[in-house]
Amino acid sequence: MRAMQKFHPRHFAIVPAAGSGSRMGASQPKQYLELLGKPLIRHSLEVLCATPQIDKVFVVLSVGDAEWKRHDWSDLDPKLVPLFCGGATRADSVLGGLRAIVREAEQSDWVLVHDAARPCLARWHIEKLIRELAHDEVGGILAVPVADTLKRADAHRHVLETVPRDSLWQAQTPQMFRYVMLRRALEAASNVTDEASAIEAAGLRPRLIEGDATNLKVTYPLDLHLAEWILTNRDSR
């Protein structure tokens, strides 16, 4: 009688990219703004596709996204797969992506969700997350300890109080959880801004894996210049 084969979970990446990026004040969705001659989203997709531990990368787009087909993604085939099932919110898009890959993913496979607007993702960020969460029962997220003094303001932007920064972390992505755990958490949660919040709402405690400040999220126009500086100087080294 043959011994049972040990199950080795796979790692899938989901990149929700159905948003409009209204705070950038641009005429096109933020993920397609040019950064060093490429669409902003392409920088992180290249890193995810080049990471050996990642089996497949799913980018979740809005149903009416016409911009995606204007760019050549063929060099990222067959690892990169577009899914035109994005929703009104990030949580809707991630859940739509999870439902779309139900026939491909096993319940215990890992899913890494990454912001489309974090173009400075480095391969070591992904590898550290996967390595340190490999045997974790819940999963976790990349994050950095808060360094600045925090102020809570009133409606008129007057300081109400200084918030102690001890034990406070700034959440980043990727955020990595088991397929079935993340899907159930998102199906049960509402008004969550990231995957960890959904997991927390389910009564679980994601682990914080320390990243660094270079993994910034492009939200405002100045952030594009910061991202360009980070990528240029990282490549030059």
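**Close-up 1. Cys-120 and Cys-49, two buried cysteines in a predicted model.** With a relative accessibility of 0%, Cys-120 counts as buried, and Cys-49 is likewise counted as buried, at 13%. The cysteine sulfur closest to that of Cys-120 belongs to Cys-49, but it lies 17 Å away, which is too far for a bond. For Cys-49, the closest cysteine sulfur is found in Cys-85, also at 17 Å and again too far for a bond. A disulfide is a covalent bond between the sulfur atoms of two cysteines, and the structure holds zero of them.

**Close-up 2. His-43 in helix H1.** Helix H1 spans residues 40–50 and contains His-43, a residue that is buried because its relative accessible area, 9%, falls under 20%. The side chain of His-43 reaches the backbone oxygen of Leu-35 at 2.7 Å. When neighbours within four places in sequence are left aside, the residues in contact with His-43 are Leu-35, Leu-36, Lys-38, Pro-119 and Leu-231.

**Close-up 3. The largest nonpolar core.** This core has 28 residues, and those with the most contacts inside it are Leu-45, Val-57 and Leu-80. At least two residues each are supplied by strand S1 (11–16), H1, strand S4 (56–60), strand S6 (110–113) and helix H3 (123–133), with H1 giving the most, namely five residues. A second, separate core has 27 residues, among them Leu-83, Val-113, Val-180 and Ala-196.

**Close-up 4. The surroundings of Leu-80.** Apart from neighbours within four places in sequence, Leu-80 is in contact with Leu-45, Cys-49, Val-57, Val-59, Trp-68 and Trp-73.

Terms used
Residues numbered from 1 in each chain as written. Predicted model: local features only at pLDDT ≥ 70, side-chain atom pairs only at ≥ 80, totals over all residues. Heavy atoms only, no water. Helix = DSSP H or I, 4+ residues; strand = E, 2+ residues; numbered from the N terminus. Buried < 20%, exposed > 50% of the residue type's maximum accessible area, 1.4 Å probe, protein only. Polar contact = N/O pair within 3.5 Å; in protein donor to acceptor, adjacent residues only side chain to side chain. Contact = heavy atoms within 4.5 Å. Disulfide = S-S within 2.5 Å. Core = buried A, V, L, I, M, F, W, Y, C linked by side-chain atoms within 4.5 Å.
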